Amino acid sequence: MCTSIIYPAGDYYFGRNLDLEVDLGQRIVITPRNKNLEFREMPNLEHHYAIIGMSIIRDDYPLYFDGINEKGVGMAGLNFNGPAHYFPVQQGKDNIASFELVPYILATASSVNEAKKLLANANIANLNFSDKLQAAPLHWIIADKTGASITVESTIEGLKVYDNPVGVLTNNPEFPRQLVNLSNYRGISPTAPENTIAPKVDLPVYSRGFGSHFLPGGMDSESRFVKATFAKMHAPVGNSEVENITNYFHILQSVEQQKGLDEIAPNTYEYTIYSDGSNLSKGIFYYRTYENSQINSVDMHKENLETSELITYRVQNQQEINHQN
Ligand SMILES: C[C@H](CCC(=O)NCCS(=O)(=O)O)[C@H]1CC[C@H]2[C@@H]3CC[C@@H]4C[C@H](O)CC[C@]4(C)[C@H]3C[C@H](O)[C@]12C
């Protein structure tokens, strides 16, 4: 499971929690503007926007889990096991393999609107990266530095592009159903509710936080969708970059999966392997990991983006305790 958000705080911050039972060995990968990007059924892109994000590299190809580009567009792939359906290569369509979609969009779209145009004639082709790396069942969230956000789902019914009015994505079910479910939580609030059930009976507000008494707290994707929406919709705007990114990670931590709580096979647990978030205007990528609560950053603009080879940074996974005595 995973959760992705866009958080408005003057600048917009976009990223995700990656929840899984194994660490895939991802790195922070910068794809500079002149790295030749090859696609199975689309023309090569020799020159394009620069990208930074979490990725593994196979055969010199960046298999991005999520990332942003230098124009302030962010995109993340999240598990969509069941509804996800990819199609055979189709004549007359822009055939893009699922593993190519993040690099393709981030390399070529300078806004969510442009991404929509690119997707208008797209077909998510059912191609595997390799026999070892089969296509993963995913859906995607795309957001930009103006705060716009869409969800992209390829199901048996075809390719759907939905406006995402909450700027949140988790996993199943299909996006429209997540929004219907959100209606069930209309009443969730930071303030204490009115006594509407029995107004003449004295029903004291015996605790702070009463307005969120019915907020779901499960690890499941519906619960995380509601919880992350509540947290981000009411998150304050800070006065500095540090305050904002701190707030951002607190929102994602509200839907963190702690080790031991989500058993996916006997004695195997899914947990939040990393959380990342980027300032979409500044091109700064921040992350923390389950093992390391420190916020780390990589600024894409501190690299020479006019180059042609992938640039990688190791994920700092070591907890540093600040021993004060
Ligand atoms: C597993 C992750 C989703 C997390 C999640 O939701 N896990 C809970 C499962 S559950 O929902 O609870 O059942 C997803 C998110 C992005 C994915 C990569 C995208 C690029 C590439 C695509 C290729 O085709 C296959 C390999 C590849 C590296 C992918 C591996 C893996 O699939 C990644 C990491």
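**Notebook: loops, helices and a ligand shell**

I started at Asp-59, which counts as exposed because it has 9 C-beta neighbours inside 10 Å. My cut-offs for this are 20 or more other C-beta atoms within 10 Å of a residue's own for buried, 12 or fewer for exposed, and partly exposed in between, with C-beta atoms placed from the backbone. I am working on a predicted model, where local features need pLDDT of at least 70, side-chain atom pairs count only at pLDDT 80 or more, and totals for chains, interfaces and linings use all residues. Residues are numbered from 1 along each chain as its sequence is written.

**Entry 1**

I looked up the place of Asp-59 and found it in the loop between strand 4 (51-58) and strand 5. Helices (H or I, at least four residues) and strands (E, at least two) are DSSP runs, numbered from the N terminus. Asp-59 is not a glycine, yet its phi is positive, about 50°. Asp-60 also has a positive phi, near 65°, and is likewise a residue other than glycine. I placed Asp-60 in the loop between strand 4 and strand 5, and it is exposed, with 10 other C-beta atoms within 10 Å.

Next I turned to a peptide bond. The one from Asn-172 to Pro-173 is cis, with omega near -5°. Pro-173 sits in the loop between strand 12 (168-169) and helix 3 (175-183). I noted these spots because most residues other than glycine have a negative phi, and most peptide bonds are trans.

**Entry 2: the ligand shell**

Which residues are closest to the ligand? I found Leu-63, Phe-65, Asn-79, Phe-99 and Ala-136, out of 22 residues that surround the ligand. To be near it, a residue needs its C-beta atom, placed from the backbone, within 6 Å. Strand 2 (11-20), strand 5 (61-69) and strand 6 (73-79) are the elements that give two or more residues to this shell. I sorted the shell by class and got 15 nonpolar, five polar and two charged residues. In this sorting, Ala, Val, Leu, Ile, Met, Phe, Trp, Tyr, Cys and Pro are nonpolar, Asp, Glu, Lys and Arg are charged, and the others, Gly among them, are polar.

**Entry 3: helix 1 and the core**

The largest nonpolar core has 74 residues, and Met-75, Ile-105, Leu-106, Ile-142 and Phe-285 touch the most other members. Helix 1 (residues 101-108) gives the most to this core, with six residues. Such a core is a set of buried Ala, Val, Leu, Ile, Met, Phe, Trp, Tyr and Cys residues joined through C-beta atoms within 7 Å.

I checked helix 1 itself and found seven of its eight residues buried; among them are Leu-101, Tyr-104 and Ala-107. Leu-106 belongs to helix 1 and counts as buried, with 29 C-beta neighbours inside 10 Å. Setting aside neighbours within four places in sequence, Leu-106 contacts Tyr-49, Ile-51, Gly-67, Asn-69, Val-73 and Met-75. Contact here asks for C-beta atoms, placed from the backbone, within 7 Å. Leu-106 and Val-73 are 33 residues apart along the chain, but 6.7 Å separates their C-alpha atoms. With that sequence limit kept, the partners of Met-75 include Val-102, Ile-105, Leu-106 and Trp-140.

**Entry 4: helix 5**

How far apart are the end C-alpha atoms of helix 5? They are 18 Å apart, which agrees with the 18 Å that its 13 residues (241-253) should span at 1.5 Å a residue. The expected span is 1.5 Å times one less than the number of residues.

I then listed the buried residues of helix 5: Asn-244, Ile-245, Tyr-248, Phe-249, Ile-251 and Leu-252. Seen down the axis, these buried residues fall within an arc of 150°, so they line one face of the helix. The arc is that of the directions from the helix axis to the C-beta atoms. On the other side of helix 5, Val-242 and His-250 are exposed. Its buried residues pack against strand 1 (2-9), strand 2, helix 4 (221-233), strand 15 (271-279) and strand 16 (284-289).

**Entry 5: Gly-238**

My last stop was Gly-238, in the loop between helix 4 and helix 5. Gly-238 is partly exposed, with 15 C-beta neighbours inside 10 Å. Beyond four places in sequence, Gly-238 touches Ala-9, Glu-243, Asn-244 and Asn-247. Ala-9 is 229 residues from Gly-238 in sequence, yet the two are 6.8 Å apart, C-alpha to C-alpha. Glu-243 lies in helix 5, and it is partly exposed, with 13 other C-beta atoms within 10 Å.

Key
Contact = placed C-beta atoms within 7 Å.
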